[in-house]
Amino acid sequence: DTPIFDAPPRDAVAPYIAIARHDLRPRDGDGAPGHEHFLLLHVWAAQASRKAALAIADEVIALALALDSETLAITLRRHDRTDTAIDNATGRARAAIALTFFSEPS
């Protein structure tokens, strides 16, 4: 189980996931209120291995695309892209996952 943080932790030991952005935009249609969610997650691997970061990212994407809610109808789940980099300061690999969701009250 990889821990998830709302902000990048100062002293956390990788691997971990940090929510880099969550943008929320109104998306009303057909008289039903709704929202578009843009989510950017940073997945950090313990070493300088893009393969390790991508392995964690693949699990995160699979879970995110299967998200369900009792209070919201999720009408779109989309993986937009995954970018990888080796961080110069830490020497660790990072994968940035961009996701889009549309939601409406259920």
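Visitor: Which helices and strands each supply at least two residues of the lining of the largest pocket?

Guide: They are β2 (16–26), β3 (35–44), α1 (50–65), β4 (72–86) and β5 (93–105). Helices (H or I, at least four residues) and strands (E, at least two) are DSSP runs numbered from the N terminus. The model is predicted: local features need pLDDT of at least 70 and side-chain atom pairs pLDDT 80 or more, while totals for chains, interfaces and linings use all residues. Residues are numbered from 1 along each chain as its sequence is written, and side-chain values use heavy atoms, without hydrogens and water.

Visitor: How is a pocket read, and which residues lie nearest the centre of the largest pocket?

Guide: On a 1 Å grid over the protein atoms alone, a pocket is an open set of points where a 1.4 Å probe fits, with protein on both sides within 12 Å along at least five of seven lines; lining residues have an atom within 4 Å of a point. Here 21 residues line the largest pocket, and Ile4, Leu39, Leu41, Ala64 and Leu67 lie nearest its centre. The largest share of this lining, five residues, comes from α1.

Visitor: In what order do the strands form the sheet?

Guide: Strands of a sheet pair through backbone hydrogen bonds, either parallel or antiparallel. Two strands count as paired if DSSP finds at least two bridges between them. In this model five strands form an open sheet, ordered β1-β2-β3-β5-β4, with mixed pairing. β1 (4–5) and β4 each have a single partner strand, so one side of each of these edge strands lacks a neighbour in the sheet.

Visitor: How many bridges join β1 and β2?

Guide: Two, in the parallel sense. Ile4, one of the residues nearest the pocket centre, stands opposite Ile17 in β2.
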